[in-house]
Amino acid sequence: MRWIAFFFAAMLGTTGGPAIADDVAADLVFVDKSDRRLELRRNGRVIGSYEISLGGDPDGPKRQEGDERTPEGSYIIDFRKPDSAYHLSLHISYPNDSDRLLSAALGVPPGGDIFIHGLPNAYPFDSAPKIDWTLGCIAVDNAEIEEIWRLVPDGTPILIVP
């Protein structure tokens with residue numbers, strides 16, 4: 001009976017991440033904030049493209065906790081959160097060293113908890129109008145985060161451009 005539970009957990013990605021064939025998995029997540037677009041790429045080829053919502057004050061890079069901006073720069077998808085308050089969530093490794101140095105120079109905390117995620121679990125629908133509503137995260141519809149969850153292994157680089 002335990003093997004059945006493990007099988008379903010593996011299918012849902014709750015055993016530390018789904019097993020993804022190397023020839024299918026994305027090797028880069030590319031986010032263009034101005035186009036409100038997230039692309040999954042494999043060997044330079046786009047294998048998935050999604051319209052996104054960003055932080056409530058999306059223009060410019062994230063500088064401090066609470067500024068409602070989505071970071072800009074190079075990061076890593078470093079872990080996943082299947083029990084997220086937002087359907088499913090993939091964590092972005094913000095802040096990096098340069099973000100920490102900048103916020104320290106400004107005398108402010110850099111913030112954190114930046115994710116690619118679906119809609120809030122309490123939201124009654126599986127899709128939402130594409131408006132900027134997060135606190136700095138990158139949001140997609142629930143079906144889209146399920147696809148992204150399957151195609152993006154932990155350790156995948158993410159590049160977020162203005």
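In what sense do β1 and β2 pair, and over how many bridges? β1 and β2 pair in the antiparallel sense, over five bridges, where two strands count as paired if DSSP finds at least two bridges between them.

## Basis of the model

This is a predicted model, in which local features need pLDDT of at least 70 and side-chain atom pairs count only at pLDDT 80 or more, while totals for chains, interfaces and linings use all residues. Residues are numbered from 1 along each chain as its sequence is written, and side-chain values use heavy atoms, with hydrogens and water left out.

## The sheet

Eight strands form an open sheet of mixed pairing, in the order β3-β2-β1-β8-β4-β5-β6-β7; helices (H or I, at least four residues) and strands (E, at least two) are DSSP runs, numbered from the N terminus. The edge strands, each pairing on one side only, are β3 (45-51) and β7. Helix α3 packs on this sheet, touching β2, β3, β4, β5 and β6, and its direction makes about 150 degrees with that of β3 (axes are lines fitted to C-alpha atoms, for helices over the stretch in contact, and angles run from 0 to 180 degrees between N-to-C directions).

Within the pairing of β1 and β2, Val31 stands opposite Leu38 in β2, and the hairpin of these strands has four residues between them, with Arg36 taking a positive phi near 50 degrees. On to β3, β2 is joined by six bridges in an antiparallel run, and Arg42 has Arg45 in β3 as its bridge partner. β1 also pairs with β8, here in the parallel sense over four bridges, and the partner of Phe30 in β8 is Leu159. Four of the five residues of β1 are buried, buried meaning under 20% relative accessible area, exposed over 50%, and partly exposed in between (1.4 Å probe, protein chains only).

## The nonpolar core

In soluble globular proteins, nonpolar side chains tend to be buried together. The largest nonpolar core here has 25 residues, and those with the most contacts inside it include Leu38, Ile92 and Ile158; such a core is a set of buried Ala, Val, Leu, Ile, Met, Phe, Trp, Tyr and Cys residues joined through side-chain atoms within 4.5 Å. Among the elements that each supply at least two residues of this core are β1 (28-32), β4 (73-81) and β8 (157-161), whereas α3 gives the most, with four residues.

Leaving aside its neighbours within four places in sequence, Ile158 is in contact with residues including Val29, Val31, Ile76, Ile92, Ile116 and Ile138, contact meaning heavy atoms within 4.5 Å.

## Salt bridges

The structure holds 10 salt bridges, each defined as a side-chain nitrogen of Lys or Arg within 4 Å of a carboxyl oxygen of Asp or Glu. In one of them, the side chains of Arg80 and Asp154 meet at 3.0 Å, N to O. Arg80 lies in strand β4 and Asp154 in the loop between α3 and β8, so the pair ties together parts that are 74 residues apart in sequence. Arg80 counts as buried at 9% relative accessibility, whereas Asp154 is partly exposed, with a relative accessible area of 35%.

Asp141 and Lys130 also meet in a salt bridge (3.2 Å, N to O), and Lys130, Asp141 and Glu144 are linked in a network of salt bridges. Asp141 is buried at 14% relative accessible area, while Lys130 is partly exposed at 28%.
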